[in-house]
Amino acid sequence: MIVLKTARELKLMRAAGRISQRALRLAGSAVEPGVTTKEIDTLVRKYIEEQGATPSFLGYGGFPASACISVNNVVIHGIPSEKCVLKQGDIVSIDIGACLNGYHGDNAWTFPCGDISDDAKRLLKTTEESLFKGIQAAKAGAKVGDIGHAVQEYVELRSYSVVRDFVGHGVGAKLHEDPSVPNYGAPGRGARLLPGMAIAIEPMVNMGSHKVKVLRDKWTTVTADGKLSAHFEHTLAITADGPVILTLPD
Ligand code: MG
């Protein structure tokens, strides 16, 4: 069931989104060689709690941390660890949600650790741009398939692939709501986008095959071929005047 949000609820979601985005930027600024992903997670948790919010991911389905931190070939759901020490040239995908006054914000970004290869830079740029292609397609009256099509076409024209096994989603009083928002699909298919819907668009883009596998810890999701993967996400509201990003810093 798709829950439409009132103007008041969207205002609350914007406040949660602001904290999510600020926490994400803080995490990104901590990415440098020698830092552990556990240290970044600790920063994120402290920041979110200081704002009077709660980390949406902590304890969600048993997830043991406040941020998902996924390095290089890890696509999503990397578990922060003191054993995971970042090094020069890594790409670091950080996914963070914050819940404030009962509403969630959800966002992700892939950060370079020091100097990264030109190939990695191109992957990050393409994935970020594909997110904004998806956001542009999220107009009231369009269909969910229009978003996926915009993302997929942009990515595949650049010889990368979009992950199929994990998708974007509705967001609100629950972190994951209907509808599912795949990063692939056919235009004109799927649920119609209506004013008051709030969704997270989150392309996960692989340098090689779209295939992924989940490791034995039941969270860490890696590319099947071991190649790099990037992940960018915003939460947005569908309005009569176009999509409005809720995960902005101010
Ligand atoms: Mg999400």
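Cys84 is placed in the loop between strand E3 (74-76) and E4, in a model that is predicted.

Leaving aside residues up to four places away in sequence, Cys84 touches Val35, Thr36, Thr37 and Val71. Pro33 lies 51 residues from Cys84 along the chain, and the C-alpha atoms of these two residues are separated by 11 Å.

## The E4-E5 hairpin

Strand E4 (residues 91-100) pairs with E5 in the antiparallel sense, over 10 bridges, and within this pairing Cys99 stands opposite His104 in E5. The hairpin formed by E4 and E5 has 2 residues between the strands, and Asn101 takes a positive phi there, near 50°.

Strand E5 (residues 103-112) is mostly covered, with 8 of its 10 residues buried.

## The magnesium site

The magnesium ion is coordinated by Asp106 through OD, by His169 through NE2, and by Glu202 and Glu233, each through OE, at 2.1 to 2.4 Å. In sequence, these donor residues follow the spacing D-x62-H-x32-E-x30-E.

## The three-stranded sheet

E10 and E13 also belong to an open sheet of 3 strands, in which the order is E6-E10-E13 and the pairing is antiparallel. Strand E6 (161-162) and E13 are the edge strands, each of them pairing on one side only.

Between E10 and E13 the antiparallel pairing extends over 3 bridges, and Met204 has His231 in E13 as its bridge partner. In general, strands of a sheet pair through backbone hydrogen bonds, in either a parallel or an antiparallel arrangement.

## The largest pocket

The largest pocket holds about 250 Å³ of space and has a lining of 17 residues, among which Phe57, Cys68, His77, Asp95 and His176 lie nearest its centre. Sorted by class, the lining of the largest pocket consists of 10 nonpolar, 4 polar and 3 charged residues.

Definitions and conventions. Residues are numbered from 1 along each chain as its sequence is written. This is a predicted model: local features need pLDDT of at least 70, side-chain atom pairs count only at pLDDT 80 or more; totals for chains, interfaces and linings use all residues. Side-chain values use heavy atoms; hydrogens and water are left out. On a 1 Å grid over the protein atoms alone, a cavity is a set of points where a 1.4 Å probe fits but cannot get out, and a pocket is an open set with protein on both sides within 12 Å along at least five of seven lines; lining residues have an atom within 4 Å of a point. Grid points are joined across faces, edges and corners, and a volume is the space filled by probe spheres set on the points. Ala, Val, Leu, Ile, Met, Phe, Trp, Tyr, Cys and Pro count as nonpolar, Asp, Glu, Lys and Arg as charged, and the others, Gly among them, as polar. Donors are N, O and S atoms within 2.8 Å of the metal (3.2 Å for Na, K and Ca); water is not among the atoms, so sites may look incomplete. Buried means under 20% relative accessible area, exposed over 50%, partly exposed in between (1.4 Å probe, protein chains only). Helices (H or I, at least four residues) and strands (E, at least two) are DSSP runs, numbered from the N terminus. Two strands pair if DSSP finds at least two bridges between them. Contact means heavy atoms within 4.5 Å.
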